[in-house]
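Trainee: I am new to this structure and would like to work through it by questions. May we begin once it is shown?

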Amino acid sequence: MTEIVNSNLAGLTTDEDFIEERLTKQRLLTEAFHRGTAGQSLSDSLYHAGASVSLGLKSGAVGILEQPARYASKHGTVGFMQGVGKALVGAIVKPVVGIGDAAVLVMKHGLEATSDQNGLVCLPKRLRRALPRISADLRHALRLVAYDERAAKAQKIVTGGESVDDIYVGHVNIPSCLVIASDQCFWSIDRKKRKPWCLSWSEISHFALLKDGGMRITYFSQSGIKSFVMSVSSPGEFHDLYQLLAMQIGKMGNSLSSNNFADLESMMMFNGSLENISEQNLLGIKKKQTPHIFGSCNRIHFSLFQSAGDEMDVIECCYAEVRELGSEHNKYFYKLDESMWKLVNSWGSLYTGLSSKRCVVAGIINGSGENIQIKNAKLVEGGSPCFLFPTKEYDQHHGILHPGGSIILFGWGSVPSMNQSGKVFISLETSALVCDFSDRKSKAMRALALPGFRVGFLEKSYDESGWWAKYNIIVRKRIDSVA
């Protein structure tokens with residue numbers, strides 16, 4: 001009964017970190033007692049009881065300092081008040097939960113010590129850790145796989161000791177690290193540092209095979225596309241690593257399904273060109289571009305639009321700047337990226353603190369050699385119209401983006417409150433692609449190429465606090481991308 005009351009009280013705190021840490025500790029402690037790896041003397045029980053009380057007191061104190069600021073950064077004024085309320089509730093309830101957990105541990109020790117029978121510990125129900133193995137011969141049957149200690153350890157990492165709702169898929173041992181694939185993430189554990197590092201599959205742009213037998217994995221970061229190389233020591237390791245990545249290719253940022261590639265090889269050829277897009281022969285781009293990675297401007301403090309006094313001044317200044325850009329300049333790509341970041345940076349300076357508003361900026365570059373009709377651009381969710389900032393190669397009257405031209409979309413949300421979340425969601429429909437842009441990482445965010453075209457994300461950048469998102473997409477002709 002006391003355990004049930006403690007669980008209900010822990011739920012009242014609505015602090016997911018505290019709830020998760022408490023459950024993980026209880027689960028690990030229960031398993032340790034069950035397997036006989038933890039002592040069961042009175043001093044051991046008192047030690048663990050003291051740790052439970054300490055956890056409650058510490059989490060309550062930390063919550064008072066962190067929760068108001070955390071909720072304010074996400075939901076503004078209303079969020080700050082919510083954070084204060086939850087912090088006060090947590091400061092009272094969390095120590096009570098800790099004392100309750102300590103009492104349960106001590107009472108259990110007393111019952112086991114006075115009982116003539118050996119106590120049986122009931123382990124909590126396990127989350128499913130791995131996908132079922134389907135038999136190739138019997139489609140409706142499952143194949144049992146022999147226990148693998150390394151796979152068991154990999155499962156424990158993926159599920160966070162069974163506290164994370166994820167599913168283990170497989171792993172590969174290569175010379176530098178242990179590679180693990182789960183349903184949601186790609187994991188790499190360095191053999192020397194022993195520190196897990198992971199990316200969600202949507203954060204990975206693509207992977208490519210290297211001539212020396214290694215694998216290059218390219219991913220999106222807050223400062224543009226980056227990549228790392230994984231070396232293998234045998235053809236078997238290479239095959240296993242390739243299979244592990246290929247299984248999840250549909251979830252990657254530049255995936256097979258977005259462009260309807262006929263095969264994996266053609267997809268790899270197209271995606272490989274995204275890493276050095278400035279060096280590619282893009283149809284319609286009048287001058288060879290200096291090397292540039294979209295997103296690399298994101299941490300540079302450019303001079304803001306100095307004359308901007310309100311939001312419309314920012315819009316007008318940005319429009320005038322972008323309208324002067326053209327692909328005849330060798331720093332065309334750099335200037336586009338710079339203007340987009342200045343827009344985000346100016347917006348963040350204009351709306352700060354409790355008046356903060358989320359924003360989304362997305363750029364489309366026409367490298368297809370054909371005219372692209374801009375059919376519809378709208379803000380599905382937010383607090384503004386969808387503003388368009390075109391370059392020279394855009395026909396405003398007919399809505400035509402000529403070869404080499406670019407267009408930037410921008411929109412913002414309302415100030416977060418109890419009545420509205422302040423989210424931003426932009427939808428774009430053209431004759432070459434259909435795409436949606438969100439202010440956060442989301443499965444609803446997509447870019448789908450229409451027949452005859454290829455599309456690739458050059459950038460997917462997100463603010464750590466969730467206040468802005470920045471995207472860049474290149475559109476190319478289908479025959480050009482596979483040539």
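Trainee: Which residues of helix H4 (residues 149–158) are buried?

Mentor: Please note that this is a predicted model, in which local features need pLDDT of at least 70, side-chain atom pairs count only at pLDDT 80 or more, and totals for chains, interfaces and linings use all residues. Residues are numbered from 1 along each chain as its sequence is written, and side-chain values use heavy atoms, with hydrogens and water left out. Buried means under 20% relative accessible area, exposed over 50%, and partly exposed in between (1.4 Å probe, protein chains only); helices are DSSP runs of H or I with at least four residues, strands are runs of E with at least two, and both are numbered from the N terminus. By these rules, the buried residues of H4 are Ala 151, Ala 152, Ala 154, Gln 155 and Val 158.

Trainee: Is Met 81 buried or exposed?

Mentor: Met 81 has its place in helix H3 (residues 42–114). Its relative accessibility is 54%, so Met 81 counts as exposed.

Trainee: How many salt bridges does the count come to?

Mentor: A salt bridge is a side-chain nitrogen of Lys or Arg within 4 Å of a carboxyl oxygen of Asp or Glu. By this rule, the number of salt bridges is 11.

Trainee: How many residues apart in sequence are the parts that Lys 470 and Asp 337 tie together?

Mentor: The side chains of Lys 470 and Asp 337 meet in a salt bridge of 2.5 Å, N to O. Lys 470 lies in strand S18 (residues 468–477) and Asp 337 in helix H9, so the separation in sequence of the parts tied together is 133 residues.

Trainee: Are Lys 470 and Asp 337 buried or exposed?

Mentor: This pair forms a salt bridge between the side chains of Lys 470 and Asp 337. Both residues are buried.

Trainee: How many residues apart are Glu 370 and Lys 477, the pair that links distant parts of the chain?

Mentor: Glu 370 forms a salt bridge with Lys 477, with the closest N and O atoms 2.8 Å apart. Glu 370 is in the loop between S8 and strand S9 (372–381) and Lys 477 is in strand S18, a separation of 107 residues.

Trainee: Does Glu 370 count as buried or partly exposed, and Lys 477 as buried or exposed?

Mentor: The relative accessibility of Glu 370 is 32%, so Glu 370 counts as partly exposed. Lys 477 has a relative accessibility of 18%, so Lys 477 counts as buried.

Trainee: With which residue does Arg 440 form a salt bridge, and is that partner buried or exposed?

Mentor: The closest N and O atoms of the pair are 2.8 Å apart, and the partner of Arg 440 is Asp 439. Arg 440 itself, at 32% relative accessibility, counts as partly exposed. Asp 439 has a relative accessible area of 2%, so Asp 439 is buried.
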